[in-house]
Amino acid sequence: MLLYFVLTILQVNPVRAFPVGTSKAEAPCSSSVDERDSYRDGHSPVSTSQNPYREGYQPVAVITSSGPSGIVQILPSLSGSKPDTTGTVVTRLETGGRAGSIPLLTSPISIPTALLTPLGPELKPPNTPVMAPATAASDIFALPIATTPPALSFQVRKDHPVPRLGVAGPAPIGTNKFYANFFLGNQNAPSYVHPYSVAWAKGQGATSSWGMSISHIEASQRVYGQVTPQTGAAKYFLNPVGVQSLCLSAVELGSTTALTTDNLSSHTVNVNLHTNSKAQPLITFPLVQGMGFVTAVYKGGTPLINTGVFFKTVTKSTKGPKPGVTKYTLYLEDGKVWHVYSYSAKGDTLDLKVINNGAAQAAKPFDGIVQVAKDPGNAEPVIDAASGAYPVGVTLSGTASGSKGTYTFTFQKAGFSDVKLLMYALPHHVDSFDDATHKAISPAKLQTTTKGVAVGVVADSWTMVEPNMPVSMGFAPWDPVSGPKNKLSNSAINTISPVALKELSQNVDQQANQNSMYFSGKALAKFASLCFTVNDLLKNPKLAQSGLANLKAAFSRFSANKQQYPLYYETAWGGVVSSATYQSGNNGADFGNTYYNDHHFHYGYFIIAAAIIGYLDPTWLTKANVDYVNTLVRDIANPSPADKIFPVSRNFDWYHGHSWAHGLYETLDGKDQESSSEDAMHAYAIKMWGRTIKDANMEARGNLMLAITARSLNQYYLYTEDNKVQPSNFVGNKVAGILFENKCDHTTYFGANIEYIQGIHMLPLLASTKLTRPANFVKQEWAAYFDKGRADKIEGGWKGILYGNLATVDPKTAWEFFTTKNFDPSWLDGGASLTWYQAYCAGWDGGHFAQ
């Protein structure tokens, strides 16, 4: 049976396919095909005899029909082919580079052979600035932290275990960004720009195209895991990959096609397709997070549009949405509608000819833009109006005034300068839009893979407002409503002090001397917290100074870069990495640090430790020490492109509102992050280091990051019963588990015990914990998994983590657990202290329940 395709020339908008008429006459087509082949051979480096698509474009019999509004073309379908609307799903964890070890320090801690002797004089943390001015700039992102190379103690390596595939231009390069799959592995795993995903088809899939495949997945296409009886929630939800709804390609592309990237920044990248590795780009795709269109800039290639879902109807509007813009509407076999727009500054129009139900191509080479957008069903006028313009860059700026912070995305654009951009915003953006941005919201809405429904915004900039940044938060326990809790009752102090003396007398250098930056940082941060607790909460500054002296000595091993695996500064990608993989060949060494996994976790612990050391002893803030810590901050959170040593914002994604931990490993499901609480920790560390060194811009950025993180985590990571963003049959898990760009999997890389899955989103317990883990969520999670004695059945350090989490909503019960006479030290993670847990519990209501 013939499949009916309509190429209708219409006089009005919106366009509709004209029904097939009854008067039919056969028309020959072989001569036109021969002429097209001849023309193609004259303009393409790939001859028709070599063209891998040649078989699919054999001459077909065309039957035409006249009607009052156009001409109908009736074409046969591709023989033996079926539309692919399901793609493939990845239900397994892609664990390349991921260590399977539990992220707790579990080795026994030696009992101190002697207790510390308090020293004098007392520490007196200053109340006045000791370094830079303490007033934030008008743009807190404008100034770099520094622009100098790391200290000479960092060995410089010009090589890296991961090659830079097709990357044009020098380092630094964002390693944890949405576009990384384009320069990793086979270069054809998807990139998730939201709401679309794009991937180099690379001659594969239903289309066998060599162009850029474009996909958008509806909520109805999700795949869910088995239901957990305890909660009734699905173990995971994921979105199929490889659905090639459309592919933007060129006739000239074939088996010699090469892919390169340039203009790599924190929010954008250009992906270029070349006919071969030595040729200039034939098509460039500027990719920007949230873009409303997928735009292809053709540079003399002959446009070719393929579909693995198959055309059902193709229509062309003779009255385009604006002068010079040609519009086609593609109705696919899955019932979805896509619009295609084209424009050429040279005045050439895009004249597409439908070859069969899998392909349409232009009659000649084209210089200009071709844009595609999926129609949500009610937004065609919005899409029409926004066509012809496209984003090519994003400038991030921000302000801080008191507790109010703002951040603005200013989009650089190309194409029609007088056309406002259509960009899609995620739920946490919409919730924080200022009035002007909120007024630019359009009816366009499209489902995203893991971030709910995106809303189209017609504007060239967005401004988001965070009205309640945690500016009063310090190192002490803190509450979003009542603020710091830095006074303990005498009874609580008397209970905690003997514990603190024993823990502070432990050998910090021995505990920190690990073959892992992650575990070393956790040990240093634990002792720093101990020193603060003893000094500020237990009011024993002389004892604190004794512990601080040992802590500074242990920290100096790392500031001198003489730890077991020293850090290298490598110039291939541009960053500070562990030498562990260089020396061992194990790409998962130290949780993949060398491959840029988890840097914000690893270095965040060092930064918070340094913030406390500098707070307690400002004389420690020498240039060498400040430069060392700032190097770590720059590696994970460089604010400015003026710093050419590190990429801007390696980990924190200002579009998504949280960080990505996943480094230089190709993966079909995109970037991911496991521990949302350690993500919050790194933002808190930056805030507090900025406060310690009186860098007001850094402190403001940390405050802003914390506020944004709290907002985004409670929509995408941590779920209360009323969560409307994530699937209703998944929110019962209470946490995402591992959040990928393309799926949520309620598990961990190191095991599926429930205390692992929930607990990795609890550690470490910090002053910031109550901000990012609200009381309502903590209570619901506890009731779902750990109440009625279930927490007491948990073994090892996870039990302490659970009760530390409980302290945020029920400090009395947590206090009773941490002060019980038969408390087992094995219930403590080696990166946490009993002193801090007890002090945190006692901080609420002054610890009067400890009387």
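Here is a friendly chat about the helices, cavities and pockets of a predicted model.

Biologist: Which rules apply to this predicted model?

Modeller: Residues are numbered from 1 along each chain as its sequence is written, and side-chain values use heavy atoms, with hydrogens and water left out. For this predicted model, totals for chains, interfaces and linings use all residues, side-chain atom pairs count only at pLDDT 80 or more, and local features need pLDDT of at least 70.

Biologist: Are H7 and H19 oblique or roughly parallel to each other?

Modeller: Helices (DSSP runs of H or I, at least four residues) and strands (E, at least two) are numbered from the N terminus. The axes of H7 (residues 517-537) and H19 (residues 834-842) come within 9 Å and cross at roughly 45°; axes are lines fitted to C-alpha atoms, for helices over the stretch in contact, and angles run from 0 to 180 degrees between N-to-C directions. Angles under 35 degrees count as roughly parallel, over 145 as roughly antiparallel, 65 to 115 as roughly perpendicular and the rest as oblique. H7 and H19 are therefore oblique.

Biologist: Is the crossing of H7 and H19 left-handed or right-handed?

Modeller: A crossing is left-handed if the near helix is turned anticlockwise from the far one by less than a right angle, and right-handed if clockwise. For H7 and H19, the crossing is left-handed.

Biologist: How many residues in the contact of H7 with H19 are nonpolar?

Modeller: Ser 529, Leu 530, Thr 533 and Leu 537 of H7 make this contact with Thr 835, Trp 836 and Ala 839 of H19, where contact means heavy atoms within 4.5 Å. Ala, Val, Leu, Ile, Met, Phe, Trp, Tyr, Cys and Pro count as nonpolar, Asp, Glu, Lys and Arg as charged, and the others, Gly among them, as polar. In the contact of H7 with H19, three residues are polar, none is charged, and the nonpolar ones number four.

Biologist: What is the volume of the largest cavity?

Modeller: On a 1 Å grid over the protein atoms alone, a cavity is a set of points where a 1.4 Å probe fits but cannot get out, while a pocket is an open set with protein on both sides within 12 Å along at least five of seven lines; lining residues have an atom within 4 Å of a point. Grid points are joined across faces, edges and corners, and a volume is the space filled by probe spheres set on the points. The structure has eight cavities of 30 Å³ or more. The volume of the largest cavity is about 380 Å³.

Biologist: Which helix supplies the largest share of the lining of the largest cavity?

Modeller: This cavity has 28 lining residues, and those nearest its centre include Ser 529 and Trp 836. At least two lining residues come from each of H7, H10 (599-616), H17 (797-806) and H19. The largest share, six residues, belongs to H7.

Biologist: How many charged residues line the second largest cavity?

Modeller: The second largest cavity has a volume of about 160 Å³. Its lining has 16 residues, with Arg 98, Pro 103, Phe 591, Asp 598 and Glu 674 nearest the centre. By class, nine are nonpolar, three are polar, and the charged ones number four.

Biologist: Which helix supplies the largest share of the lining of the largest pocket?

Modeller: The largest pocket holds about 770 Å³ of space. Its 30 lining residues include Glu 503 and Leu 834, which are among those nearest the centre. H5 (490-504), H7 and H19 each give at least two residues to this lining. The largest share, five residues, is from H5.

Biologist: Which element supplies the largest share of the lining of the second largest pocket?

Modeller: The second largest pocket has a volume of about 580 Å³, and among its 34 lining residues Ser 265, Ser 266, Ser 640, Pro 641 and Val 648 are closest to the centre. Strand E24 (389-401) and helix H13 (696-716) each provide at least two lining residues. The largest share, four residues, comes from E24.

Biologist: Are H12 and H13 roughly parallel or roughly antiparallel to each other?

Modeller: H12 (residues 676-692) packs against H13 at an angle of about 160°, with the axes 7 Å apart. Their crossing is left-handed. Given that angle, H12 and H13 are therefore roughly antiparallel.
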